[in-house]
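Please look through the structure shown here together with the notes that follow it. They are meant for someone who is meeting it for the first time.

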Amino acid sequence: MNANAAVPMAAPPGSQRYPALDLIRAFSALSILVFHVIVLARWDTFPDDGPLLWFRVSFLRVDLFFVVSGFVITLAALREWQRGGDARRRFLFKRIARLAPAYFVSSIAWLMFNGFDVVRGPDGLFQLLTHLTLTFGFFPGAISAINGVTWTIGIEVQIYLLIALLMPMLGRWVPLRAGLFAVLLALCWRLGSQVVQLGWLQHDPGEVHASLWFWSVQAPGMWDVFGVGLALALATQRGWIRSLSPARWVALAVLTLLYSTSLVAVLWENAAHYWSSYFWGSGYRSFVVLMVLGWLWLAIAMPRAWMDAIPRWARYPGKISYGVFLWHVPVAQWLIRHTALTEWSLLAACILATGVVAAASWHWIEAPTMAWARRRTQDASRDPS
């Protein structure tokens, strides 16, 4: 018997597949791409009402990525711990192998396109070291210095380290308590950051916008969104969450859509007050947790017949979503500088070109590296007991 198994599981971690998660990944990646095309192309006439308003509110789509990450990473950690042996090493090795190679290649491409100015400056050695070691997320001057959208990778690495540290306890956590604690921790962290900077130090919100953002996205400040995925992973493996009936699934989908639409509208209307208010900068973002909870629940509780009916081609954009995330900014920059495309034609070209590059990244970098990491840990993962 495996001594590492803390509680009985309804199914071995990772034994079930949730193809709808790929749909969320694909939608999140597309949303991030559209947002950055709007920003980079200075597309002021992009609709700011109706369904397309979603693409205007930046951090919501990142939160979708994080909630899926919390679900998947928790399952991976539980699986490695139940297999025994050096579980932490295997977990971290596989996760870094998943992130690092494509990140390094895309970062080099970004540097080539932008003239290597970042690594030629006075802090060039610091930038090189923090990005080579994937520790750039810990430093305000490095977190978004190279291909700025990849700041989330720095936070992901922080979360990997936390999960590896907490791995022996994960199987004993009560899902609801874990989720509530995650929300409370993130709320206190974000509020504490604002109180120190705006209250005690009396900084002007406009002048410390970057600092407020930096501290709010550190791992403790993102733990509520990640923790929702973690809690649902624990609940799923204990058999607490099962496939919904079609009628109940549709009802949940309607409620989640209505809530998400209302949330986006309210956030957009109050965007100017986000960092100057404790409520907006710290507390209100906790309401986003309800949105990502709804979308993740829809993905993992989808009726089994509907899951099985999702074709492989529909899942493929989710498979390559990491590449879409890494490559869309360099692609958009190249198109803006070297073509006369504007607005909708630019967006269409960016989606197409990024998809091609992301597919190449998946087949030539990501999938082979993941397969190599699995082979390297196969023998070491055997339970000696």
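Is Tyr284 buried or exposed? With a relative accessible area of 12%, Tyr284 is buried, where buried means under 20% relative accessible area, exposed over 50% and partly exposed in between, with a 1.4 Å probe and protein chains only.

## About the model

This is a predicted model, in which local features need pLDDT of at least 70 and side-chain atom pairs count only at pLDDT 80 or more, while totals for chains, interfaces and linings use all residues. Residues are numbered from 1 along each chain as its sequence is written, and side-chain values use heavy atoms, with hydrogens and water left out.

## Aromatic pairs

A search of the whole structure finds 22 aromatic pairs, a pair being rings of Phe, Tyr and Trp (its six-membered ring) whose centres lie within 6.5 Å, with planes under 30 degrees apart counted as stacked, over 60 as edge-to-face and the rest as tilted. One of them joins Trp43 and Trp344, which are edge-to-face, at 4.9 Å centre to centre and 85° between the planes. Because Trp43 lies in the loop between α1 (20-40) and α2 and Trp344 in helix α16 (residues 343-378), this pair ties together parts that are 301 residues apart in sequence; helices here are DSSP runs (H or I, at least four residues), numbered from the N terminus. Trp43 is buried, with a relative accessible area of 3%, whereas Trp344 is partly exposed at 46%.

The rings of Trp280 and Tyr284 have their centres 4.7 Å apart and their planes at 45°, so that pair is tilted. Trp280 is buried, with a relative accessible area of 13%. Trp43 and Trp344 also belong to one aromatic cluster with Phe46 and Phe55.

## The largest nonpolar core

A nonpolar core is a set of buried Ala, Val, Leu, Ile, Met, Phe, Trp, Tyr and Cys residues joined through side-chain atoms within 4.5 Å. The largest one has 113 residues, of which Leu60, Phe71, Phe91 and Ile163 touch the most other members. Helix α2 (residues 58-83) gives the most to this core, with 14 residues. Not counting residues up to four places away in sequence, Leu60 touches Trp54, Leu263, Val264, Leu267, Val288 and Met291, contact meaning heavy atoms within 4.5 Å.

## Helices α3 and α6

The axes of helix α3 (residues 87-113) and helix α6 (residues 151-170) come within 9 Å and cross at roughly 170°, the axes being lines fitted to C-alpha atoms over the stretch in contact and the angles running from 0 to 180 degrees between N-to-C directions. The two helices are therefore roughly antiparallel to each other, a description used for angles over 145 degrees, while those under 35 count as roughly parallel, 65 to 115 as roughly perpendicular and the rest as oblique. Among the residues that make the contact are Phe91 and Leu92 of α3 and Tyr160 and Ile163 of α6.

Leu134, in the loop between α5 (124-132) and α6, has a phi near 60°, a positive value in a residue other than glycine, and Leu134 counts as buried at 5% relative accessibility. Gln202, in the loop between α7 and α8, also is not a glycine and has a positive phi of about 55°, but Gln202 counts as exposed at 62% relative accessibility.

Leu252 is found in helix α10 (residues 246-269) and counts as partly exposed at 22% relative accessibility. The C-alpha atoms of Leu252 and Gly294 are separated by 7.4 Å, although the two residues are 42 residues apart along the chain.
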